[in-house]
Amino acid sequence: MKILASLLLALACLSVPFHSAQARHARAAKVARMVALKSSAVLILDPKTKAVLYGKNARAVMPIASLTKLMTALVVLEARQDMAEMLKVTDADVDRLKYSSSRLHVGTRLSRAAMLHIALMSSENRAASALGRHYPGGTKAFVAAMNAKARALGMRRTRYVEPTGLSSANVSTPEDLARLVVAAERHALIRRYSTDRQFTIRQGRQRTVYHNTNRLTASRRWKIRLQKTGYISEAGRCMVLHATVAGRPTVMVFLDAQGKFSRAADANRVRAWLARNRLAARG
């Protein structure tokens, strides 16, 4: 039934009429292209009109991994904290849930801006943890602020328990995440930091070069204003994008893509589908 619902929604979003066999064939081909998406849950949204262009399990509640960090960034910026303040990475920021590695050493001091930069661009978990700890009232108050902001945005099926996304108890839906992407895109620093290709920090005498976790930011075919990737085993490969496709802004949410390159492949399929559909509509 879910597949049928997705097919019907895709059909409803296309503007090609049913009056000819050729049109029906073209429509069927486009629908097949969208059904080939490997992500378990998807939402494609026009942020200007709020029209849903495609949906697949758009209200399914699922772990969101490091997509969490978009809300972390939003809470930090909207709290108007001093971005030049130096924050110290401590043992409290070490991942004892997944035991993931980090290039950010305990004892390193970075500005709040730099912590936010590598948290968004490279999904640095210790940086996100440090941002939460240095919120007034500490991590507990920070998580409460994350959930309050989610409610304010109408993210009714979203829950946060920590600021990194390492916990599978951080859950949301494609529909809710699209709301978050639209809100986050309004912040210039989130746009800039999430799409930056490279950033270097100093740790003592060392220089550590961070790169963007999203390879689409390096592609000339894409015009991305905001992005975030995520992965833990419970969530699969996840990605959100706010991009311009065929001259129009588009929000894309992909959850639980199986395979390292599946989320990028899904995004490329959607971009091609939208570009063809919009060019056909203009013609």
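Colleague: Is helix H5 (residues 125-133) mostly covered or mostly open, and how many of its residues are buried?

Modeller: First, the ground rules. This is a predicted model, where local features need pLDDT of at least 70, side-chain atom pairs count only at pLDDT 80 or more, and totals for chains, interfaces and linings use all residues. Residues are numbered from 1 along each chain as its sequence is written, and side-chain values use heavy atoms, with hydrogens and water left out.

Modeller: Now the terms. Buried means under 20% relative accessible area, exposed over 50%, and partly exposed in between (1.4 Å probe, protein chains only). Helices (H or I, at least four residues) and strands (E, at least two) are DSSP runs, numbered from the N terminus. H5 is mostly covered, with 8 of its 9 residues buried. Among them are Asn125, Arg126 and Leu131.

Colleague: What covers the buried residues of H5?

Modeller: Look for contacts, meaning heavy atoms within 4.5 Å. The cover includes helix H3 (68-78), strand E4 (86-88), H4 and helix H6 (138-152).

Colleague: Which residue caps the N-terminal end of H5?

Modeller: Glu124 does, with a side-chain oxygen 3.2 Å from the backbone nitrogen of Arg126. A polar contact is a pair of N or O atoms within 3.5 Å; within protein, one must be able to donate a hydrogen and the other to accept it, and residues adjacent in sequence count only if both atoms are side-chain atoms.

Colleague: How many residues are in the largest nonpolar core?

Modeller: A nonpolar core is a set of buried Ala, Val, Leu, Ile, Met, Phe, Trp, Tyr and Cys residues joined through side-chain atoms within 4.5 Å. The largest here has 60 residues, and Leu104 and Met115 are among those with the most contacts inside it. Helix H4 (residues 112-122) gives the largest share, 8 residues. Apart from it lies another core of 19 residues, including Leu37, Val42, Tyr54 and Leu241.

Colleague: Where does Leu37 lie?

Modeller: Leu37 sits in the loop between helix H2 (21-35) and strand E1 (39-46). Leu37 counts as buried because its relative accessibility is 5%. Beyond four places in sequence, Leu37 touches Val42, Tyr54, Lys56, Asp266, Arg269 and Val270. Its C-alpha atom is 8.3 Å from that of Ser262, 225 residues apart along the chain.

Colleague: Why does Gln203 count as buried?

Modeller: Gln203 counts as buried because its relative accessibility is 7%. Gln203 is in strand E7 (residues 198-203). A polar atom of its side chain lies 2.9 Å from the backbone oxygen of Arg103. The side chain of Gln203 also reaches the backbone nitrogen of His105 at 2.8 Å.

Colleague: Which side chain of opposite charge is nearest to Asp256?

Modeller: Lys and Arg count as positive, Asp and Glu as negative; His and the chain ends are not counted. A salt bridge is a side-chain nitrogen of Lys or Arg within 4 Å of a carboxyl oxygen of Asp or Glu. Asp256 is buried yet has no salt bridge; the nearest such side chain, Lys56, is 9.0 Å away. Asp256 lies in strand E11 (residues 248-257). Its side chain does make a polar contact with the side chain of Gln258, at 2.4 Å.

Colleague: What is the mean pLDDT of the protein?

Modeller: pLDDT is the predictor's confidence in each residue, from 0 to 100. The mean is 89, and 86% of residues reach 70 or more. Over residues 1-19, pLDDT is below 50. Residues 21-26 also stay under 50.
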